[in-house]
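Here is a short report on a structure with more than one part to look at. Start with the view below, then read on.

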There are 2 protein chains.
Amino acid sequence: MFVIGIGPGNPQDRTHRAERAVSCCSTIVGYAPYVESIADLCEGKDTYTSGMMQEADRCRMALQKAVAGATVALVSSGDAGVYGMAGLAMEMAAAENLSVEIEVVAGVSAANAAAAQLGAPLMLDSATISLSDLLVPWETIITRLQAVAAADMVVSLYNPRSKKRVRQLEEAAAIFRHYRPGTTPVGIVTAAGDKNQQVVYSDLEHFLDEEIGMRSLVIIGNSTTRLIDGRMVTPRGYYR
Amino acid sequence: MFVIGIGPGNPQDRTHRAERAVSCCSTIVGYAPYVESIADLCEGKDTYTSGMMQEADRCRMALQKAVAGATVALVSSGDAGVYGMAGLAMEMAAAENLSVEIEVVAGVSAANAAAAQLGAPLMLDSATISLSDLLVPWETIITRLQAVAAADMVVSLYNPRSKKRVRQLEEAAAIFRHYRPGTTPVGIVTAAGDKNQQVVYSDLEHFLDEEIGMRSLVIIGNSTTRLIDGRMVTPRGYYR
């Protein structure tokens with residue numbers, strides 16, 4: 001079984017290894033929009049899709065098909081190893097005694113794709129934090145936000161806000177506002193790689209006013225991040 | 001001008017977008033081993049290579065060729081926006097008044113590639129820190145290591161050790177050892193994607209004894225990271 005990162009969504013951002021792995025499988029399992037985005041590779045294959053929050057069901061289905069002898073591709077957007085399905089597959093296979101050889105195929109992560117659209121905000125040390133408190137206690141997330149903010153690291157925020165969940169991003173903004181000036185650059189990329197992609201440049205004081213949703217990734221700069229010719233850049237320091 | 005991440009080194013890990021960008025350029029500039037690794041795309045093109053530490057020279061060369069009217073590909077391994085050339089290019093173009101349109105093409109980063117080889121260590125919140133103190137003061141790096149260690153985040157260490165620079169990794173290990181047990185999983189991937197690739201599983205107490213060099217990436221797990229069927233996994237918590 002392959003757990004495959006198909007990149008941010010545009011076929012142009014897939015790797016050859018990911019495409020080859022999908023192509024050599026007989027069975028494709030994934031969240032419906034992700035499988036849809038690789039429809040060109042799935043012709044004639046058994047495909048199984050399900051909706052959001054059905055991760056464990058999809059994973060079990062994929063493992064069971066593999067145990068039954070199929071070569072299976074379990075697909076994630078971005079990189080399958082970053083808030084994706086790779087870890088769940090390994091955990092479930094071991095816990096349920098499903099003897100399946102699992103190979104992870106890395107992809108371009110959502111943070112890296114968003115950074116390329118914004119300029120070069122992740123040139124130096126950075127952190128990746130999800131604001132979803134479905135699986136991690138909010139107190140733990142707060143501790144991490146504070147640590148990263150105090151240590152002057154750039155941060156990529158995954159799952160920043162949903163229709164029901166708006167408080168987390170406000171709290172995160174307040175934490176960073178405590179350590180960094182309101183003029184600190186903040187970049188927002190929504191639906192990266194998609195034809196509806198939106199790239200917004202804002203700052204720590206104003207970015208909460210922007211449209212930010214489930215498909216957005218928010219990058220908050222550090223003390224050296226600045227706009228250069230309209231792009232968000234964290235200079236590495238080569239150029240002095 | 002395109003600043004292009006060509007992934008961890010194996011042609012299989014390049015994206016279509018990266019290959020297409022290289023193919024449409026007349027001039028290729030990069031560190032010699034990276035340009036060598038895309039030789040199949042460079043036939044008939046002007047190529048300019050230079051050695052390590054010549055980043056600024058390469059960047060200036062690329063910008064000057066672009067100003068002179070060439071379409072230029074400046075290539076980085078991994079992702080061009082993570083300890084790569086993207087930020088330098090934007091900074092230099094602005095500082096030296098070189099009017100060049102710069103597009104960044106994201107690639108599979110070294111950390112994501114290493115994680116896929118190890119299993120799924122980066123499933124949850126993590127940080128990326130370079131131990132090279134050539135461009136960032138060591139005190140700043142220490143502060144970040146301490147913050148990330150205390151906040152129980154997984155960390156990917158870039159530039160962990162070179163022949164001349166061994167003290168930094170020892171200090172980093174001591175910081176994490178202060179916050180985490182010696183049994184905490186540590187993964188080391190050297191020359192990811194290459195035919196000489198080495199994948200080593202160790203732990204916080206013993207990993208300094210392993211072969212770690214300029215082409216290694218070290219991932220230190222957090223309190224939940226464990227070995228599952230011999231792979232390094234940070235469970236996301238779906239599976240309870």
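Which residue does T128(A) stand opposite in β7(B)? T128(A) stands opposite S126(B).

## Basis

This is a predicted model, where local features need pLDDT of at least 70, side-chain atom pairs count only at pLDDT 80 or more, and totals for chains, interfaces and linings use all residues. Residues are numbered from 1 along each chain as its sequence is written, chains are lettered from A and ligands numbered from 1 in the order written, and side-chain values use heavy atoms, without hydrogens and water.

## Strands across the chains

Strand β7 (residues 126-130) of chain A pairs with strand β7 (residues 126-130) of chain B. The sense is antiparallel, over 3 bridges. Strands are DSSP runs of E, at least two residues, numbered from the N terminus. Pairing requires at least two DSSP bridges between two strands.

## The interface

Chain A gives 71 residues to the contact, and chain B gives 71 residues. Contact means heavy atoms within 4.5 Å.

The rule finds 4 salt bridges across the interface of chain B and chain A. A salt bridge has a Lys or Arg side-chain nitrogen within 4 Å of an Asp or Glu carboxyl oxygen. R17(B) and D13(A) form a salt bridge through their side chains, at 2.7 Å from N to O.

## A buried glycine

G187(A) is found in strand β9 (residues 185-190) of chain A. G187(A) is buried, with a relative accessible area of 0%. Buried means under 20% (1.4 Å probe, protein chains only). Leaving out residues up to four places away in sequence, G187(A) touches L118(A), V200(A), L217(A), V218(A), I219(A) and M232(A).

Definitions and conventions:
Helices (H or I, at least four residues) and strands (E, at least two) are DSSP runs, numbered from the N terminus. Buried means under 20% relative accessible area, exposed over 50%, partly exposed in between (1.4 Å probe, protein chains only).
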